[in-house]
Amino acid sequence: PDTDYNFVARNITHMRQQAASFIEYAESRDKPWFLYVGFGDSHRCVDDPDYGPFCESYGIDKTTNKSTIPDWEPAIYSPDEVLVPYWIQDTPAARADIAAMYTAKNRMDQ
């Protein structure tokens, strides 16, 4: 099995394929089953800081801004288009962090 955390927890195509394989197997057993899918996109990127603080650049070709992950079209958020919650100080750093988080979490939504 692949042990690259980003591939396992951020590549939505791989995750979909693994879930589909499990469901097919589980349903063939005619027993109750449970599947939990954990996404890495809601967490900060600690394995490879080259991808950004939330691994928001994972799966994006930096020269074309196109996806390298099948079945995913990146939505890249800029700091000036995010909404800053009232409990967070509205600073350029906060806006950049929120934009990175939105970009990363967009993978889960597709």
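Predicted model: local features only at pLDDT ≥ 70, side-chain atom pairs only at ≥ 80, totals over all residues.
1. Ile-98 counts as buried because its relative accessibility is 9%, and buried means under 20%. Its place is helix α3, which covers residues 92-109. Look at what surrounds Ile-98. Leaving aside residues up to four places away in sequence, Ile-98 touches Val-82, Leu-83, Val-84 and Pro-85. Pro-79 and Ile-98 are 19 residues apart along the chain, and their C-alpha atoms are separated by 7.2 Å.

2. Next, take Thr-13. Is Thr-13 buried or exposed? Thr-13 is buried, because its relative accessible area is 7% and the limit for buried is under 20%. Thr-13 belongs to helix α2. Its contacts, not counting residues up to four places away in sequence, are Ile-69, Pro-70 and Asp-71. Keep Asp-71 in mind for the next point.

3. Asp-71 sits in the loop between α2 and α3. Asp-71 is touched by Thr-13 of the previous point. Asp-71 counts as exposed because its relative accessibility is 52%, and exposed means over 50%. Now check the backbone. Asp-71 has a positive phi of about 70°, although it is not a glycine. Why does that deserve a remark? Most residues other than glycine have a negative phi.

4. Asn-65 is not a glycine, yet it has a positive phi of about 60°. Where is Asn-65 found? Asn-65 is in the loop between α2 and α3.

5. Now the cysteines. How many disulfides does the count come to? The count comes to one disulfide. Cys-45 and Cys-55 are the partners, with an S to S distance of 1.8 Å. The link of Cys-45 and Cys-55 is right-handed, with 40° about the S-S bond. Cys-45 lies in the loop between α2 (12-28) and α3, and Cys-55 lies in the loop between α2 and α3. The two are ten residues apart. Both Cys-45 and Cys-55 are buried.

6. Step back to the elements. Read from the N terminus on, the order is α-α-α. Helices α2 and α3 have come up above: Thr-13 is in α2, and Ile-98 is in α3.

7. Then the overall dimensions. The radius of gyration of the protein chain is 16 Å. A compact globule of 110 residues would have a value near 13 Å. Along its principal axes, the C-alpha trace spans about 55 × 35 × 25 Å.

8. Of the 110 residues in the protein chain, 30% are buried. Ile-98 is buried, and Thr-13 is buried. Consider contacts between residues at least 6 apart in sequence. Among these, 53% join residues at least 24 apart.

9. Last, surface and charge. The protein chain exposes about 7500 Å². Carbon and sulfur atoms supply 55% of that area. How many positive and negative side chains are there? The protein chain has 10 positive and 18 negative side chains. The centres of the two sets lie 3 Å apart.

Terms used: Residues numbered from 1 in each chain as written. Heavy atoms only, no water. Helix = DSSP H or I, 4+ residues; strand = E, 2+ residues; numbered from the N terminus. Buried < 20%, exposed > 50% of the residue type's maximum accessible area, 1.4 Å probe, protein only. Contact = heavy atoms within 4.5 Å. Disulfide = S-S within 2.5 Å. Rg over C-alpha atoms; globule rule 2.2 N^0.38 Å. Areas by Shrake-Rupley, 256 points an atom, 1.4 Å probe, with all protein chains shown as cover. Lys, Arg positive; Asp, Glu negative; His and termini not counted. Charge placed at Lys NZ, Arg CZ, Asp CG, Glu CD.
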